[in-house]
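Please look over the sequence and the structure first.

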Amino acid sequence: MRLRPTALAVLTAALCFSAQAQPPVAAPPSPGSPPGAQAGTHAETGAAARGGSKRADSKRADSKRADSKRSDSKRSDSARIDSSRTTSFFSLDDAFGRIQDSHPDLRLFGNQRSVLEAERDIAAQKPAYVAGAAIDNALGTGALSGTKVAEVTLSLASVFERGGKLDARRAFAQSRIDALAVDREGRRLDLLAEAARRYLAVVAEQRRIDLAEFDIAQRTRAVAAARVRLDAGASPESGLLTAQAQLARAELDRSRAERGLLAARQFLAALWGERDPGFANVAGDPYALPPIQDASALANLLERNPELTRFVDQRRIAESRVRLAQSQQQADIDWQVGLRRQQENGDFGFVASVSMPLGAAARAQPGIRGAQAELALLETEREAKGLSLYSTLVEAQGRYRLGALEAERLKQDVLPRLERAEKAAEYAYRAGAISYLELALLQAESVAVRRQRLDAALDAQLALIEIQRLTGEPFLAAPNAPAGATP
């Protein structure tokens, strides 16, 4: 049973759309300079206040310069990575094409087919003819000394096969060749699924970088607001230092995501044997989650799975093995014909012989029973494999719907409220209505919810890849979609 070709389309349902990067959140302009210190009533008190103000201004200036240097350094690193990310563009179809062109596991099947074809040609050969020569009554003693009374025989011998052994051998060899195509299809689907998972990991790291950029933007605004409040004397220096620490953690998250992106790209390229990836940026929207059918409808597509279709070819092989074992019940006939010449008088005579082993039927019974038992075993194995695949499919379908529901609810119900809360909290913090701790908790919650939505979408994408691997379908159309429509 040959599967329909899905080489470049399978597993691309939710990953081959154009990348939709989140727009960076622009930081508000820096507020105006803080008001200067007021002079005291006494001259000494005024001088001390001015001295303290100068020292505070000097400390804050040093802090600003340090923040500026760190931000410039981070922006420089980010610019270099962003530049490398935009130098090339890579799609999932490109990955599939490289795997099918160069992966050794797929090339291996070509060599295996050559081996099996050679074995089929060997099995199709008939028994060989054997030419022989024999001399009797020569080089003996007495009357048999010398070659005067020698007898020379030239013969031709072979085996007459009975029971259809030749056809059984050819059918068995051909069934092994036919099964190779299904094995190759199954291995190809496994490789494409692995490529989709590694490709999704690259997409995930790109999104984590965008999420880190969003966090950096809001933490930068918090640092600016904390500096304004410190300059105005409305909050202690600990608030500014805490905001700077949170900003440094956000920058660390971005660096970690950038290193993770490099590792994910190398891991993807290693699948087709490249040590230096020839791409920097990949396309893909992890939030593109199409509707899928229910488990019962998906279960009908399991019959196309190579892990099940291979049992059809395995059954053919087992049936051929049974026929080959049954053909051994009829013994082969060895025959020989020849011409004999007597040296003494020069006469010629025709000779012939026929022989056949006895008890062939009894000796063939163990092989027949073993082949029949193997054939029966295939039915049990297929039933067990079907149950295992169905369980995996149901679990993946449940994970997909749960992840899609979580990502959608977070987008529709949670994030809009958090965005409004963020704006209100930033305004309230600048106005002195709330503390920095309240603002920091809200910002952390905002990032956590966005990270939760990304993780839910990625988990759903992994489940979708598994569903597509099990069903062999390149996409999963909605129930009311026309046949062949890509969601």
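## Aromatic pairs

Three aromatic pairs are present in this predicted model, where a pair means rings of Phe, Tyr or Trp (its six-membered ring) with centres within 6.5 Å. In one of them, the ring centres of Phe90 and Trp272 are 5.8 Å apart and the planes meet at 35°, so this pair is tilted; planes under 30 degrees apart would count as stacked, over 60 as edge-to-face, and the rest are tilted. The pair joins distant parts of the chain, 182 residues apart: Phe90 belongs to strand β1 (residues 89–90), and Trp272 to the loop between α5 (237–269) and β4 (281–282).

## Basis of the values

Residues are numbered from 1 along each chain as its sequence is written. The model is predicted, so local features need pLDDT of at least 70 and side-chain atom pairs count only at pLDDT 80 or more, while totals for chains, interfaces and linings use all residues; side-chain values use heavy atoms, without hydrogens and water.

## Charges over rings

Arg453 places its charged end over the ring of Tyr287, 3.8 Å from the ring centre. The charged end of Arg229 lies over the ring of Tyr429, at 4.7 Å from its centre. The criterion is NZ of Lys or CZ of Arg within 6 Å of the ring centre and within 35 degrees of the ring normal.

## Packing of α4 and α8

Helix α4 (residues 165–231) packs on helix α8 (residues 360–431) at an angle of about 20°, with the axes 9 Å apart. Axes are lines fitted to C-alpha atoms over the stretch in contact, and angles run from 0 to 180 degrees between N-to-C directions. The two helices α4 and α8 are therefore roughly parallel (under 35 degrees).

On the α4 side, Phe214, Gln218, Arg221, Ala222, Ala225, Ala226 and Arg229 make the contact; on the α8 side, Glu422, Glu426, Tyr429 and Arg430 do. Contact means heavy atoms within 4.5 Å.

## Ala444 and the whole chain

Ala444 lies in helix α9 (residues 436–471) and is partly exposed, with a relative accessible area of 35%.

The protein has nine helices and six strands, taken as DSSP runs numbered from the N terminus (helices: H or I, at least four residues; strands: E, at least two). Of its 487 residues, 38% count as buried.

Conventions: Parallel < 35°, antiparallel > 145°, perpendicular 65-115°, else oblique. Buried < 20%, exposed > 50% of the residue type's maximum accessible area, 1.4 Å probe, protein only.
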